[in-house]
Amino acid sequence: MTSMRILGWKSEGLRCPDHAIDCTKDDGSPHEVTLIQMPNGTGKTTTLELLRAAVSGAAEAESWDGSKIRTFQKKGMNRSHGEFEVRLLLNSSRVTVIMSFDFENGRVAYRTTRGDGQVDGFDPPVEFLRYMNPNFVNFFIFDGELAHNLLDREHVHAEAVVENLFQINALRTVASKVGEYWSSRTRNVSATEERGLTRRQNKLRNLEDRLSFLTRERSVLLQEQVEKSAQLAKYQARYENEIKKQKERAQRFDEAKSKADALKGRAREEALEVLDMMRDPHALHPVFAQALYDLKVGLDRVKLPETAAREFFKELAEEDECVCARPIDDDVRAIILERSEQYLGSDDVSLLNAMKVSIGDAVGVSAFQPERVLDSRLRVLEEIVALRRDADNELEELRLEAEMDPQVKQARDEIERLEAILGKLETALAKFENVDDKLPDDRTFGIAVIEKRISEAETKLAEATQTMELKAKRDILIDIVTRAHARAKDLITTELVNQANSRITDLMPNNRLAIDRIDQCLVLEGQEGGSVGETLSIAYAFLSTLFHRSDQEIPFVVDSPAGPIDLAVRPEIAKLVPKLTGQFIAFTISSERAGFVSPLMLASQSGVQFLTVFRQGDQGLDRVVRTFPGHEETSDGFVVPGDIFFSDFQLETEEAS
């Protein structure tokens, strides 16, 4: 088991007021629950962003350009440098990560202190690196956006964090290593014909490079398709909502849309029935009907099919006596068999009988009747299509009327733009499904074709290097590991969903919200999302289940833990907080205390650490603060411990300086 705890942090010369936070008790162990009250404008967002960057390492800050870095500079001061330091407890080791900001040159440098001393760069213990990266850190140090993003394919991949946390992705690594082992053996084994071996190795390597290129390109396009589809769904919903804002227009729009949808369904059903009728030639023109009728009359005139079939005479020839009781000798038997060829077989008889019945059913008594029936159905279809066209026009007029609203027009324009992009993406993705195997490797885009060629090239290389048996073992082992990965992921995600849904029911018993599955993001049953409070509650339920089920103890740092949640639900969230992880740190404002702080204090057996951080400037408040024991004063801010000051503090917002 690995354990990560935040012991505290310090900020100097940055956009938030200078402050130092200590999350430890007198014995040096971290508090299980810490509430930090900071008015809007004090720097909550900045502090969260700095915490994420410090714990994520250089991979996060290296993506910042000079202008981004300079946004962290304290306003109104000409300090060229700033520093943010976070102190961590990783298992039993104390690790300090320092971010040094150079605002003049637009750079951030990392230093890490652990063990014997300090080193340049981001250098935590290696076993924590898979947790200390931007993708994973966002799941335990997050603002209010994460709750929404957990349900949005465009932003986060809940599936990926499950794989990392439960180390399921180690199975992918095993499969990769198995493949690499066989590849190394084929490189180290000499063939009878060295030149032929090199050619086969190069062939396989080029195919693998081609597959890797195609897979990456398709993955990029698929991800873009997912993102654009999600954006399209949002704009379509926004478009419909904007149209429905006016009650009268909304009612007319709903009625017109229902009418158009109903007529569209009727037109489709009628068109399918007409197409079925048009498959019969006799319904298209009387000439075909008359020809079929004449065929039936002709069969009747020549008395076909006859009542006796060829099989009757062949069976009779095998008897000793005829039906007339005369004996059948060899001469008579030969004559019967010879003359049986003049009769139709039983299959022919059945076919002709079926033909005559079908012709009678289809044509009826008049060669013109089928055409009249088809013409009648075509007229009905034309009427329905005309009605549908009128309904579509009415709906379009309502849309055009609504689009006079700039918000509606913007949504409509965005929908058209996204639909065009998705059309191009669909075309671009289609080439990867191409099964044409006649093109050379470098011009082949069909992934299945390249995979087949790789399999063939591997077999030829295995033959040349006498590693066929090893290749067979590799294939079996990779298949086992791949199936184990899929099964493990399915079982773990299913269990997580069930446990998270149980927590959701406890939190919101009357909302009927539930997670259906984890497919990149969290997919809800029967809907795309809920209210802000519902979404945050779902996020808590999922993340608490996730952290509780894993073998890793990870802190949970969140902005506004109960702000958008209804007062009736806040106590339930407060009861859940101490069970989330071993350490919970939350940033709040005074309006979020109601219905949350008191239940939290009751639920937390080890107590709650209360801190209030705010900027200097209110002279009356500043004088009061200086009378409180334990307060810390910096050049532009205060940090005040204790629940008394925390509960009495009423400053909601302050001007950033």
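These are my notebook entries on a predicted model.

**Ground rules.** I number residues from 1 along each chain as its sequence is written. Local features need pLDDT of at least 70 and side-chain atom pairs count only at pLDDT 80 or more, while totals for chains, interfaces and linings use all residues; side-chain values use heavy atoms, with hydrogens and water left out.

**Strand β1.** I began at β1, residues 2–12. I take helices (H or I, at least four residues) and strands (E, at least two) as DSSP runs, numbered from the N terminus. Nine of the eleven residues of β1 are buried, so the strand is largely enclosed by the rest of the structure. For burial I use relative accessible area: buried is under 20%, exposed is over 50%, partly exposed is in between (1.4 Å probe, protein chains only).

Next I looked up the partners of β1. I call two strands paired if DSSP finds at least two bridges between them. With β4 the pairing is antiparallel, over eight bridges. There G8 has R87 as its bridge partner. With β2 (residues 19–22) β1 also runs antiparallel, joined by four bridges. K10 faces A20 in that pair. Strand β11 (residues 552–553) pairs with β1 in the parallel sense, over two bridges. T2 is opposite Q552 there.

**Positive phi.** I checked the turn of the β1–β2 hairpin, which has six residues between the strands. G13 takes a positive phi near 70° in this hairpin. I then noted two residues other than glycine. N91 has phi near 55°. N91 lies in the loop between β4 (81–90) and β5 (93–102). It counts as partly exposed because its relative accessibility is 31%. S560 has phi near 50°. Its place is the loop between β12 (556–559) and α20 (570–580). S560 is buried, at 18% relative accessible area.

**Cores.** I define a nonpolar core as a set of buried Ala, Val, Leu, Ile, Met, Phe, Trp, Tyr and Cys residues joined through side-chain atoms within 4.5 Å. The largest has 92 residues. Its members that touch the most others are W9, F101, V162, Y540, F542 and L546. Helix α19 (residues 532–549) gives the largest share of this core, nine residues. A second, separate core has 23 residues, among them L207, Y235, L429 and I450. In soluble globular proteins, nonpolar side chains tend to be buried together.

Leaving aside neighbours within four places in sequence, F101 is in contact with residues including L14, L50, W64, F72, H81, F84 and R107.

**Helix α16.** This helix covers residues 406–430, 25 residues in total. From first C-alpha to last it reaches 36 Å, close to the 36 Å expected at 1.5 Å a residue. The expected span is 1.5 Å times one less than the number of residues. The buried residues of α16 are V408, A411, E414, I415, L418, L422, L425 and L429. L429 is also in the second core.

**E273.** My last entry is in helix α9 (residues 247–278), where E273 is found. E273 counts as partly exposed because its relative accessibility is 39%. Which side chain does the side chain of E273 make a polar contact with? I found R377, at 2.2 Å. A polar contact is a pair of N or O atoms within 3.5 Å; within protein, one must be able to donate a hydrogen and the other to accept it, and residues adjacent in sequence count only if both atoms are side-chain atoms.

Definitions and conventions: Contact = heavy atoms within 4.5 Å.
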